[in-house]
Amino acid sequence: MEFFKTILIEEAVNIIKEEFKDYKLESEIVDLDDAYDKVLYEDVISKEFVPEFDRSTVDGYAIVAEDSYGSTDTIPTVLEIIGEVKMGDRTELVVSSGKCAYVPTGGMIPKGANAVIMIENTEKMDEKTLLVQKPVRIQENIIKRGEDIKENEVVIERGKKLNPAHIGALASLGISKVQVFKKPKVFIISTGDEIIGIEEKLEFGKIRDINSYSLKAQSKKIGLEVVGNIIVKDDFIQLKEAILDGLEKSDIVLLSGGSSVGERDYTKEAINSLGGKGVLAHGISIKPGKPTLIASAKGKLVIGLPGHPVSAMTVFMAVVEPFIEKLYSLNTIKPTIFAQMTENFPSSAGKDTYVFVNIKKEEGKYYATPKFGKSGMITNLSKADGYIVIKIHEEGVNKGEIREVYLL
Ligand code: AMP
Ligand code: MG
C-alpha cells in the first residue's frame, strides 16, 4: 500500500502556479453591456478629461467666493443675477465680483466664478437680485475639469473584475467595447461505481452525483466556463478516455473521487498513463480534503479532488481558486469579517483545518459558531455562512478568540 507524502496548501498552489506560469488565456472584445463580471485584459487609459469642463455639483449660483465671506441670514450679501447657465450648453456668461449666474447641477461654471452657493443658502428677491446668506469657500461645489479622470490616466487596471462602477467609468469615457479575458474552460468528471445521475432512480447503495453540480457552480462563481461533465465508473480505460476527452475540450480537468490509494482508485494511474508530466503531487495537508492529486497532462491542469462533497469543495476553494486568480492576473480581496468564536474547535495535527461556521450579529458584533459534522455531509457546508482556517501550527481555536471568517 502506497502512502501519501502530503504537502502544504501553499506548496500545492505554488506547484500549480509554477507549472502553468506560461499558460496564457485568450482575450476577446465584448460590448460594454456584456462586460460586467469579466476580467479586464489590458489597462484602460483615458484619452479624455472627465469632466471636460468645470461643473457645478449642486443647484445654485456661480459666484466669486470672496463676495460671500461674512454673509449671514441677517446680513446677506446682495448680488446681481446676470443670467442662467443652460444644462448641456456652453455658457458665454462671465461672472465678476458683485455678480452671479444660476447654474443647475452638472452645469458649466461660467468664466470668472470660483464657487457655487447652494440655492438653499440664497434668497431670490427679484429677477435681478440675489441675497447670499452663507459664505462659500473657493472651489466649493465645483468639480474641476479632469478632477474625476485625467487624460492618459490608468482608469482601470488589467486583471480587475469589472463591477458596476467600472462599467460606469468606462461609459464616462465613451468606451463601448472592452477587451476582456476569455473564460478558462473546465471539464468535470465524477468517478465511482456507486455514483448515479441525479435524475436516475436511486437504488439502495447508490449515491447521487453531488460533486458535478457543486463543482460546476463553484466554477461558474469564479468565472470559469463549464464545457461538460460526465460520470465515469471506477474503470481505468473509461476514466482515461474521459480525461482525454476533457483535455481536448478544456483548459482544466477536474475529477472527483478515486483520488485516494484504494484498490479501485484509478485516477492517479489514468492521469500518469496520458504522457506529459503526470501527477506532480499526491496528498495535501488540508482537512477536509487530504487525498488530492495535482497533475499536468497534455500541458493542462488536472486536479483529482476527493470524492467527499465537502472535501472536494474545500480543495476547490483552497487550491483551484488561487490558481484561477493567478491565471487571470486577478487581484481580488476575498470578503471576510472578523467574528468572535462562541465555542472551542480542535484542529487536526499536521493539517490546515477548514472549519465551517454560522455567523450571527448581535449589538454590532459578529459571532461565529463552528459546525461539527463529517466531511461527507453536504449540509455542513450548505448551512454555513463562512469558514475559518486553523493553520497547521495552531492547536485549534478557542472560545472568545476573534477570527477572520471568509464568507461563502
Ligand atoms: P472516493 O474519493 O472515491 O473514495 O469517495 C469518497 C466518498 O465520496 C465515497 O463515499 C463516495 O461515495 C463519495 N462520492 C464520490 N464521488 C461523489 C459524488 N460525485 N457525489 C457524491 N458523493 C461522492
Ligand atoms: Mg470512489
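A strand, as the term is used here, is a DSSP run of E with at least two residues, and a helix is a run of H or I with at least four; both are numbered from the N terminus. The model described in this report is predicted.

By this naming, Pro 51 belongs to the loop that links strand S2 (44-45) with strand S3 (55-56). Pro 288 is located in the loop between strand S19 (286-287) and S20.

## The Sheet from S16 to S18

An open sheet is built from six strands of mixed pairing, arranged in the order S16-S13-S17-S21-S20-S18. Its edges are formed by strand S16 (225-232) and strand S18 (278-282); because each has a single partner strand, one side of each is left without a neighbour in the sheet. On average, and with direction ignored, neighbouring strands of this sheet are turned by 20 degrees against each other.

Within the sheet, strand S13 (residues 185-191) runs parallel to S16 and is joined to S16 by seven bridges. In this pairing, Ile 188 lies opposite Asn 229 of S16. Two helices can be described against the sheet. Helix H1 (residues 9-19) packs on the sheet and touches S18, strand S20 (293-297) and strand S21 (300-305); the direction of H1 makes about 5 degrees with that of S20. Helix H7 (residues 309-327) also packs on the sheet, where H7 touches strand S17 (252-256) and S21, and the direction of H7 makes about 160 degrees with that of S21.

## The Surroundings of Ligand 1

Which residues are closest to ligand 1? The shell holds 14 residues, and the closest are Glu 194, Asp 209, Ile 210, Gly 258 and Gly 307. By class, the shell is made up of four nonpolar, seven polar and three charged residues.

Polar contacts with ligand 1 involve both side chains and backbone. An N or O atom in the side chain of Glu 194 is 2.5 Å from an oxygen atom of the ligand. For Asp 209, a polar side-chain atom is placed 2.9 Å from a nitrogen atom of ligand 1. Gly 307 contributes a polar backbone atom, which is 3.0 Å from an oxygen atom of ligand 1. Ligand 1 taken alone exposes 480 Å², of which the protein buries 78%. S13 and strand S15 (207-208) are the elements that supply two or more residues to the shell.

## The Sheet from S7 to S8

Another open sheet consists of six strands in the order S7-S4-S6-S5-S9-S8, and its pairing is mixed. Strand S7 (115-118) and strand S8 (122-126) are its edge strands, each pairing on one side only. Neighbouring strands here are turned by 40 degrees against each other on average, direction ignored.

Strand S5 (residues 77-84) pairs with strand S6 (residues 99-103) in the parallel sense, over four bridges. Glu 80 has Lys 99 of S6 opposite. The loop between strand S9 (129-132) and strand S10 (142-143) contains Gln 139. Although Gln 139 is not a glycine, this residue has a positive phi of about 75 degrees.

## Pairings from S22 to S28

Strand S22 (residues 336-341) takes part in two pairings described here. With strand S28 (residues 402-407), S22 pairs in the antiparallel sense over five bridges, and Phe 338 has Glu 404 in S28 as its bridge partner. With strand S25 (residues 365-370), S22 runs parallel and is joined by two bridges; here Met 341 is opposite Ala 368 in S25.

S28 also pairs in the antiparallel sense with strand S26 (residues 386-390), over two bridges, and Tyr 387 stands opposite Tyr 406 in S28. S25, in turn, pairs over six bridges with strand S24 (residues 352-362) in the antiparallel sense. Lys 361 is opposite Tyr 366 in S25. S24 and S25 form a hairpin with two residues between them, and Glu 363 in the turn shows a positive phi of about 45 degrees.

Methods. Residues numbered from 1 in each chain as written. Chains lettered and ligands numbered in written order. Predicted model: local features only at pLDDT ≥ 70, side-chain atom pairs only at ≥ 80, totals over all residues. Heavy atoms only, no water. Pairing = 2+ DSSP bridges. Axes fitted to C-alpha atoms, helices over the stretch in contact; angles between N-to-C directions. Contact = heavy atoms within 4.5 Å. Near = heavy atom within 4 Å. Polar contact = N/O pair within 3.5 Å; in protein donor to acceptor, adjacent residues only side chain to side chain. Areas by Shrake-Rupley, 256 points an atom, 1.4 Å probe, with all protein chains shown as cover. Nonpolar A, V, L, I, M, F, W, Y, C, P; charged D, E, K, R; others polar.
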